[in-house]
Amino acid sequence: MVELHVHLDGAIRLETILDVAKKRGIQLEAETLVDLTKLCTMEEPATLTEFLSKFNHYMHVIAGDRDAIKRIAYEFVETKAKEGVVYVEVRYSPHFLANCSVTPISWNQKEGDLTPDEVVSLVNQGLSEGEKDFNITVRSILCCMRHMPDWSMDVVELCKKYRNDGVVAMDLAGDESLNCQAYPGHRRAYEEAVRSGIHRTVHAGEVGPPAVVREAVEILKAERIGHGYHTIEDEALYKQLLKDHMHFEVCPISSKLTGACDPDFTKHPLIRFKEDQANYSLNTDDPLIFNSTLDSDYRTVKKYMGFTEEEFKRVNINSANSSFLPEKEKEKLLKRLYEAYGMMENTGF
C-alpha cells in the first residue's frame, strides 16, 4: 500500500507519550493508557475545532525534545511497515516541534535551543533509520500553517535545504477560511516553491468551499489537493480537475469524525470520485486521534462504498504515480507494486 496524507504529530503512539512525559517529568491530564486514549481520541463525529483541540493534550510532551522527536519519526516508520505500507509521505510543521527561532513558540513551551531546522534534521534521522530497519520507503512533507504566514518562507527554504535528504514537498494546512488574499505570505512562499522546483500540496475543500480548492490550484499551483471533498459542489471546477488528473488525498475515517463530510459513508464524495475514476489515494490523516490504521480506512470503503480489489490496486498505482518521488525512484516503486499485483506483463517493465 501507498499512503500520501498522514501527519507525524497525529500518528504518535500513546505509549510513547506516556513514556516521554514520565522521562521529562511532565504531568499529563491522564496517567494511564486507557485514560489517555479517551482524552486524545475521537469516536463520534464532531467538528474540526474539537479535533484540533486534541493536540493540546499531548504535543507539549514531544515538542522541544530531541530524543522524542527522533523517536516518534522512527516509530512511525515501524508502524507503517507493520500495516503493509511500502511507501509513505509523512507531513508535519517543523515550527510546531521547535522551541527556538520561531514566534510564537507553540504548546506553552519555554524558549530553548531547538530550531525548526534541527527539527527537520532529527525527523530525517529517525525516518532514515526506520527505512533501513523495516524495508519501507519514507519521505516527508513540511507544512505551512494558514494562521502563521510568517513561517511559510522558512518552510520553503527548509524544503530547498533538505530536498536531497528526504523532504519532497511542502503543504499548507489549517483554517481554510484564512485565504491567501488576506495572507500573502503563503502565496509568496508557494511562488518561490514553483521557481525552485519544490513539489506542492494544499489542504483544501476539507471543510472549506470549492473556492478554496480553486485558490490552491490557480494561485498556489498545487499539484495535489489534501482532502478536496467539497470540490464536487462546483461541477465545472471538478470536471476540470478530473481532466487535469489532479490527485485528491482522501482520508475517509478522518472526514467523518472531523465533520468534513456527511457521517453516512454511503453518501461520501469518495463514491463520486470512484465512479468517475478520479485520481486519489486512501489515507489515515491522524491515526492517533481517530484510533485507526490504514487497514481501518480500507475496510470502511470496502464495506460502505463498494470498493473492490481491482479498485484498491488502481488507487495504489495512482498514488505511486502521484507521489513526489523523483522519476527513477517512482519507477522502482511502481515496479514493486506491479510485481505484488501480478501485473508485470501489462506494464512496460
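The largest nonpolar core has 100 residues, and Met170 and Tyr280 have the most contacts inside it. Helix H5 (residues 66-82) supplies the largest share of this core, six residues. The model is predicted.

**Overall fold and dimensions**

- The protein chain contains 17 helices and eight strands.
- Its radius of gyration is 19 Å, close to the 20 Å that the globule rule gives for 349 residues, so the chain is as compact as a globular protein of that length.
- Taken along the principal axes, the box filled by the C-alpha atoms is roughly 55 × 40 × 40 Å.
- Among contacts in the chain with a separation of 6 or more, 71% are between residues 24 or more positions apart.

**Surface, burial and charge**

- Of the 349 residues in the protein chain, 57% are buried.
- In soluble globular proteins, nonpolar side chains tend to be buried together.

**Around Tyr280 and Asn318**

- Beyond four places in sequence, Tyr280 touches a set of residues that includes His247, Phe248, Val250, Leu270, Phe273 and Lys274.
- The residues touched by Tyr280 also include Phe307, Glu311, Arg314, Val315, Asn318 and Ser319.
- Asn318 is found in helix H16 (residues 309-321).
- The relative accessible area of Asn318 is 18%, so this residue counts as buried, the cut-off being under 20%.
- Leaving aside neighbours within four places in sequence, Asn318 is in contact with His247, Ala278, Asn279 and Tyr280.

- Leu8 lies in the loop between strand S1 (2-7) and helix H1 (14-24).
- With a relative accessible area of 1%, Leu8 is buried.
- Its contacts, apart from neighbours within four places in sequence, are Ile72, Ala73, Phe76, Val90, Arg91, Tyr92 and Val123.
- From Leu8 to Val212 the C-alpha distance is 24 Å, and the two are 204 residues apart in sequence.

**Helix H10 and its cover**

- Helix H10 covers residues 210-218, and Pro210, Val212, Val213, Glu215 and Ala216 are buried in it.
- The cover over the buried residues of H10 includes strand S5 (199-204), strand S6 (224-227) and helix H11 (235-243).

- Asn124 is found in helix H7, and its relative accessibility is 6%, so Asn124 counts as buried.
- Excluding neighbours within four places in sequence, Asn124 is in contact with Ser140, Tyr162, Asp165 and Val167.
- Asn124 and Gly205 are 81 residues apart along the chain, and their C-alpha atoms are separated by 30 Å.
- Glu192 is placed in helix H9 (residues 184-196).
- The relative accessible area of Glu192 is 15%, so Glu192 is buried.
- Not counting residues up to four places away in sequence, Glu192 touches Met153, Val156, Glu157 and Lys160.

- The peptide bond from Thr103 to Pro104 is cis, with omega near -5°.
- Pro104 lies in the loop between helix H6 (94-97) and helix H7 (116-134).
- Trp107 is placed in the loop between H6 and H7, and its phi is near 65°, a positive value in a residue other than glycine.
- Asn135 is found in the loop between H7 and strand S3 (137-145).
- Phi of Asn135 is near 55°, which is positive in a residue other than glycine.
- Asn135 has a relative accessible area of 56%, so it is exposed, the cut-off being over 50%.

How values were computed. Residues numbered from 1 in each chain as written. Predicted model: local features only at pLDDT ≥ 70, side-chain atom pairs only at ≥ 80, totals over all residues. Heavy atoms only, no water. Helix = DSSP H or I, 4+ residues; strand = E, 2+ residues; numbered from the N terminus. Rg over C-alpha atoms; globule rule 2.2 N^0.38 Å. Buried < 20%, exposed > 50% of the residue type's maximum accessible area, 1.4 Å probe, protein only. Contact = heavy atoms within 4.5 Å. Core = buried A, V, L, I, M, F, W, Y, C linked by side-chain atoms within 4.5 Å.
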